[in-house]
Amino acid sequence: MIADMDEKLIMFENRLQKVFRHRSKLARRQQVSCYRLYDNDLTEFPFCIELYENRIYLAEYLKRNREDEEDPAHEAWLDACAAVICKVTGVPDDQVYIKERKKKANRQDQYERTDTKEAFFTVEENGLKFLVNLSDYLDTGLFLDHRITRQMVREESAGKRVLNLFAYTGSFSVYAAAGGAASVTTVDLSKTYLEWAEDNFAINRLKSKDRYHFIHADVKQYLKTLRPGSFDLAVMDPPTFSNSKRMKDFLDIQRDHPELINDVLAALSPGGRIYFSTNFTRFAIEPENIKAANIKNITGATTPFDFEGKLKRWCYRIEL
């Protein structure tokens, strides 16, 4: 049994070594310090492994009907896997953050704390700073798969009024502000994440109450209050489903996306643009129900090197 485990660990190490050699080279070339290293590549090792500069985020995907979370043998196996990761990457074992990644029932789940270590630290991306936390929440605070999309927004934001909906920790907002946006409005249902977004603005020395607005609201209701021509550029990355008690109605992105997008389009100035993304793998956009002049699938163009072949989200550029 031990020999069998050792053999599988060698297989895991070989796979990890190969991927790390390739991706670390690409990361250095692109000056990227935070990237995904591994994502369930081998079925025997159901992990998501991300590198955040000199720290490792190791999330174990929860297997259906698994009952061995407290099994000492499972803990020993997990420790052995972590040791392999440290050996390959050179990251010390005290800088590895291990988390069990359960399937989200709804968007509200990601707002819930999973720990209270308050382990915040700062990383850099494209010259901007972001606070991440690898231990206390379901997600880390920075979605690595949107690295390219964020830069697109930055390059288009100069002089524009930018609206960031379902904003999470406001990384798109920071990029827009750094790109010279005339104003940036950040909207989310969570006060926790809005405060996190404000902290991200603060560490980038982006301070202006007149230009930067943080709004705690249900996006579906908030959009109904906007006047035509209020914004020039919008970003929206809604959850697949949400039934939060703080919402008047539940959100189903397949059902609701035409109405959501049309409400944003109604609030844009002529020639306005939306970047819309969703993690719903079976998503099918309904262009016939969306009042846009142009809808382009830019999923491929916004896929970073560390997500090629593994990306589980869609991205569209929608123009009025």
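The expected span of a helix is 1.5 Å times one less than its number of residues. Keep that rule at hand for the first helix on this tour of a predicted model.

**Whole chain**

Start with the protein chain in cartoon view. Its secondary structure comes to 7 helices and 15 strands. Of the 320 residues, 55% are buried. Switch to a surface: the accessible area is about 15,400 Å², and carbon and sulfur atoms hold 49% of that. Among contacts with a separation of 6 or more, 67% are between residues 24 or more positions apart.

**Helix H5**

Select residues 191-203. This is H5, with 13 residues, and the distance from its first C-alpha to its last is 18 Å, close to the 18 Å expected.

Now show the side chains of Tyr193, Leu194, Trp196, Ala197, Asn200 and Phe201, which are buried. Turn the view to look down the axis of H5: the buried residues fall within an arc of 155°, so they line one face of the helix.

Go next to the two ends. At the start of H5, a side-chain oxygen of Ser190 comes within 3.2 Å of the backbone nitrogen of Thr192. Just after H5, select Arg205, where phi is positive, at about 55°.

**Salt bridges**

The whole structure contains 15 salt bridges. Three of them are picked out below.

Select Glu50 and Arg36. Their side chains form a salt bridge at 2.6 Å, N to O. Glu50 is in strand S2 (residues 47-52) and Arg36 in strand S1 (residues 34-39), so the pair ties together parts 14 residues apart in sequence. Both Glu50 and Arg36 are buried.

Move to Lys310 and Asp41, a salt bridge whose closest N and O atoms are 3.0 Å apart. Lys310 sits in the loop between strand S14 (294-297) and strand S15 (314-319), and Asp41 in the loop between S1 and S2, so this pair links parts 269 residues apart in sequence. Lys310 is partly exposed at 28% relative accessibility, and Asp41 is partly exposed at 22%.

Finish at Lys224 and Glu259, where the closest N and O atoms of the salt bridge are 2.9 Å apart. Lys224 lies in the loop between helix H6 (219-223) and strand S10 (231-236), while Glu259 belongs to helix H7 (residues 253-266), so the pair connects parts 35 residues apart in sequence. Glu259 is partly exposed, with a relative accessible area of 40%.

Terms used. Residues are numbered from 1 along each chain as its sequence is written. This is a predicted model: local features need pLDDT of at least 70, side-chain atom pairs count only at pLDDT 80 or more; totals for chains, interfaces and linings use all residues. Side-chain values use heavy atoms; hydrogens and water are left out. Helices (H or I, at least four residues) and strands (E, at least two) are DSSP runs, numbered from the N terminus. Buried means under 20% relative accessible area, exposed over 50%, partly exposed in between (1.4 Å probe, protein chains only). The arc is that of the directions from the helix axis to the C-beta atoms. A polar contact is a pair of N or O atoms within 3.5 Å; within protein, one must be able to donate a hydrogen and the other to accept it, and residues adjacent in sequence count only if both atoms are side-chain atoms. Contact means heavy atoms within 4.5 Å. Accessible areas come from the Shrake-Rupley method with a 1.4 Å probe; for residues, only the protein chains shown count as cover. A salt bridge is a side-chain nitrogen of Lys or Arg within 4 Å of a carboxyl oxygen of Asp or Glu.
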